[in-house]
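Please look over the sequence and the structure shown here before reading on.

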Amino acid sequence: MAVVLQQAINGVVLGSLYVLVALGLTLVYGVLVQINFAHADIVTLGAFSAYFFVHGVGGGYIPGIAVAFVVGGILGWAVNAAVFAPLRERGGELLPLIATIGVSIAMENAMLAWFGPIPYAFDSPYSSEVIRFGGTFITVQNALIISVSVLTIGLLYAFMKFTFLGKALRAVSQDRETAGLMGINPNQLVMLTFVIASALAGMAGAMLGPVLVLTPFAGTSVIVKAFAIVIIGGFGNFDGTILAGLLVGLIESYTTQYLGPGMIDIIVFALLLVMLAIRPTGLIAEKREENV
Amino acid sequence: MVMRLRVCCLAAGAIAAALVVTSTAVRAEDQIIKIGALLPMSGPGSYFGAQDRQGIELALDEINKTGVSGYKFEVKFEDSACSPLPATQAAKRLLDQYKPDVVIGEECSDATLAIMPLMELAKVPLLNAGSSSIRITEPGNPWTFRIMPNEVMQGVDIATHAYKRLDARTAVLLYENTNAGIGNARVFNDTFTKLGGKVLADIGFGRDINDFTSIATRVAGVGKIDVIPTYTLEGQGLKITQALSQAGVTKGGGGQAIQLGTIWLPFGFEQKAGKAALGYIRIVQFDPTDERALVRNFVVAFKAKYRQDPTHLHAHAYDQIILIADTVKRGAKDAQSIRDGLAATKSFSGVTGSVEFDKTNQNDKMDTIHYMETLPDLSWKALKWN
């Protein structure tokens, strides 16, 4: 029983990490109907920002998360202003999509040049503190991951539901032209979307850094799962993304326990194919045509 | 007329000078041994390439000061990414464009296995120092040589020591699903069970797994474990060690199990893993406390050049270049004669240990296997097991 409970905890931790990464992806897709392949590298850069803040500057880990959030946001603004926005103005969906791949490769190689290929040991002061209860355990770092995920989800919901900008974002994601006619500037909101999504990615990186292997390729190792989660949850659907993230996390931990880690990808991606075949709108269907 | 004569003289002089320069250039080119290096410079195994390069460049500095038998050495690096497809592409590029006399690499067995047929076809010797799969030298390939102990040599040795010296009777195997990972785990399993030990769980995983808490949870649930042989690259190795400690399985987390490893991890791993690495016993290919003058000189030169301590990766890359230079000293000057020189190597003494190839071109000297154990202060001590 303790093992079952322990794997549930492990699954929720893993799922929370995936949700943190996937939320930014689904936000960008929801507003722009665009897949952002550079998201993984913003996650990685967020992890490195926090790492150097903690181990280079000597700052605390929690402030390091805030630093990664800000760095991610600034990067999102810069990349959108310099690359994506000009390409979108030229029209077509393919150019910005290809550009996200280009930005991703450029960032990955820049990080390889700056930080080198050797894995960094990102020691959060909470990684080695273990809380044990009833035959189960959780590190303080993992408890922090769950807490930050819950807080982030709550704040994002509140932002989208109760603030003018959040409502405007939802309006743009539902119908950009009509939103424009209502006096909303879609370009500014697209920029805001990139900034929020990238800030979330940066923060996710800071949370992931101490858990995963920190190299210039760290984000790439989670982004494939994050894409799968966005598809399983329903492109652009927050609720679906959260549900799918937790589901994938739990599938991973229980598959490891009962079938072996070698089966994880088979099961997760089989689920993805099944979802595409029988429910392409995702776990929670949203009332919008683009979601089909 | 005088003017025309001067112009003619100048032109003749220029032509003569050009001929001299050209012939010198050709002679200089003829006196160079071209070494291709297929190493992972990107991806999760890129720490191999980064460290190998330092060892190679140190060796080049030393042998190119005076040259060897009139030859200088140059190295062309290509990124083979620790993976078969990029390794094959890099090998083709190297063979087609650079036309090396000898190639060193790769570190990962899957990549090495992929490039071996290309080297054989091109009749260029491949000198390997970092891949452990038995398939590289069994049944044997006339163009591939390995100075590193293979998975059988390492696996049999460590399993025997685990059973006899550590009194281990139960084990859990953790390994990446690659030729090297699977092969190393299999050899340990076979040897350990033959001796009377029991393998409680056999857990393979992909290189894309990063969070090992679930695996550690599973390991914690299998019963009393004495040893956990682990075969992964450094990044995953760090996370496994930390997860096993957090789950209370290994000594670092208050448990009883001792993690065991073979030549996969560089020095410095302990400092990165922290106290989770306490009691970790692993094979390294190089013992920096070795008192031989050769090793002392290498350590001093390495520290002087890079202001850091050398790892076994630096050491085996350094040895590869010095061994090639040794074949040149013995008369080799092209791919065929370097191959023959490697095959004829007798008791070459490198910083990692001795080298002498058997009929499969495997270095059969066991003094390249060194053991080390992580101490509570995260330093380590050499275990004189071999």
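R307(B), which comes just after α10(B), takes a positive phi of about 55 degrees. This is a predicted model, in which local features need pLDDT of at least 70 and side-chain atom pairs count only at pLDDT 80 or more, while totals for chains, interfaces and linings use all residues. Residues are numbered from 1 along each chain as its sequence is written, and chains are lettered from A and ligands numbered from 1 in the order in which they are written. Helices (H or I, at least four residues) and strands (E, at least two) are DSSP runs, numbered from the N terminus.

**Helix α10 of chain B**

- Helix α10(B) covers residues 293-306, and its 14 residues reach 20 Å from the first C-alpha to the last, close to the 20 Å expected at 1.5 Å a residue; the expected span is 1.5 Å times one less than the number of residues in the helix.
- The buried residues of α10(B) are V295(B), F298(B) and F302(B), where a residue is buried if 20 or more other C-beta atoms lie within 10 Å of its own, exposed if 12 or fewer, and partly exposed in between, with C-beta atoms placed from the backbone.
- An α-helix has 3.6 residues a turn, so residues three or four places apart point the same way.
- The face of α10(B) turned away from the buried side carries the exposed residues A293(B), N297(B), V300(B), K303(B) and A304(B).

**Helix α3 of chain B**

- Helix α3(B), residues 84-98, has 15 residues and reaches 20 Å from its first C-alpha to its last, close to the 21 Å expected at 1.5 Å a residue.
- P86(B), A87(B), A90(B), A91(B) and L94(B) are the buried residues of α3(B), and they cover an arc of only 135 degrees around the axis, which puts them on the same side of the helix.
- On the other side of α3(B), the residues L85(B), D96(B) and Q97(B) are exposed.
- The buried residues of α3(B) are covered by elements of chain B that include β1 (32-39), β2 (72-79), β3 (102-105) and α4.
- Just after α3(B), K99(B) takes a positive phi of about 50 degrees.

**The two domains of chain B**

- The domain assignment of chain B gives domain 1 (31-148 + 290-365) and domain 2 (152-284), with bounds that come from an automatic or database domain assignment.
- The centres of domain 1 and domain 2 of chain B, taken over C-alpha atoms, are separated by 28 Å.
- In chain B, 18 residues of domain 1 are in contact with 17 residues of domain 2.
- On the side of domain 1 of chain B that touches domain 2, α2, α4 (109-122) and α11 of chain B each supply at least two residues, and the largest share, three residues, comes from α4(B).
- The residues on that side of domain 1 of chain B divide into seven nonpolar, eight polar and three charged, counting Ala, Val, Leu, Ile, Met, Phe, Trp, Tyr, Cys and Pro as nonpolar, Asp, Glu, Lys and Arg as charged, and the others, Gly among them, as polar.

**Contact between chains A and B**

- The contact takes 31 residues from chain A and 30 residues from chain B.
- On the side of chain A that touches chain B, α1 (2-32), β2 (136-139) and α10 (238-258) of chain A each supply at least two residues, and the largest share, six residues, comes from α1(A).
- By class, that side of chain A has 15 nonpolar, 13 polar and three charged residues.

- The secondary structure of chain A comes to eleven helices and two strands, whereas that of chain B comes to twelve helices and 14 strands.
- Buried residues make up 50% of the 292 residues in chain A, and 55% of the 386 residues of chain B count as buried.
- The C-alpha trace of chain B spans about 105 × 40 × 40 Å along its principal axes.

Terms used
Two residues are in contact if their C-beta atoms, placed from the backbone, lie within 7 Å. The arc is that of the directions from the helix axis to the C-beta atoms.
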